[in-house]
Number of protein chains: 2
Amino acid sequence: KAVPRSVIELRCQCVGTHSKFIHPKFIHNVNLIPSGPHCKNVEVIATLTDGREVCLEPTAPWVKLIIKTILDK
Amino acid sequence: KAVPRSVIELRCQCVGTHSKFIHPKFIHNVNLIPSGPHCKNVEVIATLTDGREVCLEPTAPWVKLIIKTILDK
């Protein structure tokens with residue numbers, strides 16, 4: 001999906017979440033989308049270093065840890 | 001800046017950070033970019049509900065709180 005970053009999507013972006021651990025070294029960035037009128041789910045979308053985008057489970061401990069690690073570095 | 005979301009930028013995105021508190025209701029999403037060869041800084045870019053993008057300070061307590069709030073909702 002190559003939508004411009006500045007476009008605000010009006011629907012959910014994720015149809016499911018990737019359940020396996022992804023090492024932080026393969027994560028280029030993580031996009032957090034709060035729930036809202038556009039989508040009832042909190043969405044966490046990681047862009048990997050190879051350009052792929054994967055949806056992560058916001059409640060998974062390893063996902064929270066990766067976000068904390070990014071912020072604390 | 002309307003670069004495709006899937007493009008991986010090879011430089012820092014932020015030239016400075018917005019220092020004032022932004023209420024979560026005005027935040028559409030938050031993008032976390034770890035430091036790396038492309039940029040020595042951790043970057044936190046919020047897209048506001050009006051489409052503007054603002055860079056936030058990753059170490060600011062209110063920024064960490066907003067991220068926690070998004071994940072815990």
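**Close-up 1. The disulfide of B:Cys14 and B:Cys55 in a predicted model.** B:Cys14 is joined to B:Cys55 by a disulfide (a pair of cysteine sulfur atoms within 2.5 Å), with an S to S distance of 2.0 Å. Because the torsion about the S-S bond of this pair is about -85°, the disulfide is left-handed. The link connects distant parts of the chain, with B:Cys14 in the segment before E1 of chain B and B:Cys55 in strand E3 (residues 53-56) of chain B, 41 residues apart; strands (E, at least two residues), like helices (H or I, at least four), are DSSP runs numbered from the N terminus. B:Cys14 has a relative accessibility of 15% and counts as buried, as does B:Cys55 at 13%, where buried means under 20% relative accessible area, exposed over 50% and partly exposed in between (1.4 Å probe, protein chains only). The structure is a predicted model, in which local features need pLDDT of at least 70, side-chain atom pairs count only at pLDDT 80 or more, and totals for chains, interfaces and linings use all residues. Residues are numbered from 1 along each chain as its sequence is written, chains are lettered from A and ligands numbered from 1 in the order in which they are written, and side-chain values use heavy atoms, with hydrogens and water left out.

**Close-up 2. The disulfide of B:Cys12 and B:Cys39.** The sulfur atoms of B:Cys12 and B:Cys39 lie 2.1 Å apart in this disulfide, which is right-handed because the torsion about its S-S bond is about 95°. B:Cys12 belongs to the segment before strand E1 (27-33) of chain B and B:Cys39 to the loop between E1 and strand E2 (43-48) of chain B, so the pair ties together parts that are 27 residues apart in sequence. B:Cys12 is partly exposed, at 27% relative accessibility, whereas B:Cys39 is buried, at 3%.

**Close-up 3. The disulfide of A:Cys12 and A:Cys39.** In chain A, a disulfide is formed by A:Cys12 and A:Cys39, whose sulfur atoms are 2.1 Å apart, and this link is right-handed, with 95° about the S-S bond. Distant parts of the chain are linked here, as A:Cys12 is in the segment before strand E1 (27-33) of chain A and A:Cys39 in the loop between E1 and strand E2 (43-48) of chain A, 27 residues apart. The relative accessible area of A:Cys12 is 29%, which makes this cysteine partly exposed, while A:Cys39, at 2% relative accessibility, counts as buried.

**Close-up 4. Disulfide count and the pairing in chain A.** Over all chains, the count comes to four disulfides. When the bonded cysteines of chain A are numbered in sequence order, their pairing is 1-3, 2-4.
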